[in-house]
Amino acid sequence: MKFKVLITQIILVISFIISWQILANTGLINSFIFSSPTKIITTTYDLLINAKLIYHIYITLNETIIAFLLGIIISFLVSIIMYELRFIGNVLEPFLTIINSLPKVALGPMIIIWFGANTKSIIVMALLINVIVSIITIYTSFINTDKDYIFLFKTFNATKLDILTKLIIKINYPTIVASFKINIAMTLIGVIMGEFLVSKAGLGYLIIYGMQIFNLNIVISGIIILIGLSYILYYLVNNLNKWLIKR
Amino acid sequence: MILTIKDLTKQYHLKNNDITVLENICLTVNEHEVIAILGTSGCGKSTLLSIISSLLNYDSGTIKYKDHFNYGYMLQKDMLLPYLTVKENCLLGLRIKKQINEEKLKQLDDLLIKYHLKNYEDSYPDNLSGGMRQRVALIRTILLDPDLYLLDEPFSALDYQNKKMLLNDIKKLIDEKHQSMIIVTHDVNEAISLANRIIILSNKPAHIIKEITLDNPDIDYLTLVESYIKDEV
């Protein structure tokens, strides 16, 4: 079954690429607008040699990793504060829900004015997107911890710190780790969005640049490289999760 | 004397009105005594245990404890932590109370052997049967060496045989160590087979309607207790 699915998927991708190339070669689609697989390969090669493609990937990757790690730390700490100081938790909860439903890109102009047209703005943008979702996920799991466990701990005269470190964090560990997976996807969305708005380098910049000079080959190459990058990041975080859960 | 409760009243203060849960409860628990508290579900039996264990405050009355009073609480469910091994689950209470020492580790070893869990000490609770899990919870409580066991409808998730076996184990243990126990239950047979004294609580607001000391083998306590409970239902 698994093998059959894989084979079908490969055939699907290959036939898509072949038909795309045929349609472009025969002129049934305009390859200036829709590009073609061979054009994308040559453009990518060209970018690699002349346009510092590796450097652009490095910039995007760098911003993503910083925002990802900062996002994990901030959301974990805020969740703990909201849980321990329940008053603050209750006050903040509806605001988080409201901010979460807001399309964060709308805050872009404000962020640029506050933080400047630089990497800082991109990371803030990514944080806005990944932190809110992670806090909601982690905080919700904290407050839904089975009350009987907390009762049991109290029968042992456990302190608040005991309950937090020996129960709340440990029993919700799988949820905390699972939030990394959501976090990495969200971070990449934020970084690309930020790069669209302010950057001088990165894959988001490359795609916008391609659009500005009306070179769709660059745009599509950028998107394909981005797909590869996001898959690799997701794969790494997913394996990190599995490794962390086993411990 | 382990503890004495005098005129204890507990209310829950809600937005619009106050609900009295326990009213004028008077109760003395002596050394080496098993008390069963019977009452309909939701009458406030568990609330009483929470108050005795100081996890819930009360509105009026007094509770006096013996010096260095130490209790062990067993909930309806085993509440084993899924991320700790059997051994670590057994040691949880001691670890939090910072009371682990060589002697306790030796006692743990003996208990694991006694309850046929030695081969599972490094397993996780997920791999154990319901009865085994409850025995782990029991060891966790025994290791605290309490003056008073507080059992809130214990082992209610278990089948009859397993439940009876565990309750007998506890009874034997208490006899050996001259400890005391309060067991909250709605099972009259269970109460009679375990207790020296039975306290029957009324419906909300719960007060003690009858206290029966089981010291005369000629009396049919089952019929006696049931007659009081029937009145209440």
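Author: Start with helix 10 (residues 173-198) and helix 12 (residues 216-246) of chain A: their axes come within 9 Å and cross at roughly 165 degrees. This is a predicted model, where local features need pLDDT of at least 70, side-chain atom pairs count only at pLDDT 80 or more, and totals for chains, interfaces and linings use all residues. Residues are numbered from 1 along each chain as its sequence is written, with chains lettered from A and ligands numbered from 1 in the order in which they are written.

Reader: What makes helix 10 of chain A and helix 12 of chain A roughly antiparallel?

Author: Angles run from 0 to 180 degrees between N-to-C directions, with axes fitted to C-alpha atoms, for helices over the stretch in contact. Under 35 degrees counts as roughly parallel, over 145 as roughly antiparallel, 65 to 115 as roughly perpendicular, and the rest as oblique. The angle here is roughly 165 degrees. The pair is therefore roughly antiparallel.

Reader: Which residues make the contact of helix 10 with helix 12 of chain A?

Author: Helix 10 of chain A supplies several, including Pro174(A), Val177(A) and Ile184(A). Helix 12 of chain A brings, among them, Leu226(A), Tyr234(A) and Ile245(A). Contact means C-beta atoms, placed from the backbone, within 7 Å. By class, this contact has 15 nonpolar, three polar and one charged residues.

Reader: Why is Leu150(B) called buried?

Author: Buried takes 20 or more other C-beta atoms within 10 Å of a residue's own; 12 or fewer is exposed, and in between is partly exposed. Leu150(B) has 24, so Leu150(B) is buried. Leu150(B) is found in strand 6 (residues 148-152) of chain B. Strands are DSSP runs of E, at least two residues; helices are runs of H or I, at least four.

Reader: What does Leu150(B) contact beyond its neighbours within four places in sequence?

Author: Leu49(B), Ile52(B), Ser53(B), Tyr71(B), Tyr73(B) and Ile182(B). As for Cys90(B), that residue is 60 residues from Leu150(B) in sequence and 17 Å away in space, C-alpha to C-alpha.

Reader: How many residues of chain A are in contact with chain B?

Author: 14 residues of chain A are in contact with 11 of chain B. Helix 8 (147-155) and helix 9 (160-171) of chain A each supply at least two residues of chain A's side. The largest share, seven residues, comes from helix 8 of chain A.

Definitions and conventions
Two residues are in contact if their C-beta atoms, placed from the backbone, lie within 7 Å. Ala, Val, Leu, Ile, Met, Phe, Trp, Tyr, Cys and Pro count as nonpolar, Asp, Glu, Lys and Arg as charged, and the others, Gly among them, as polar.
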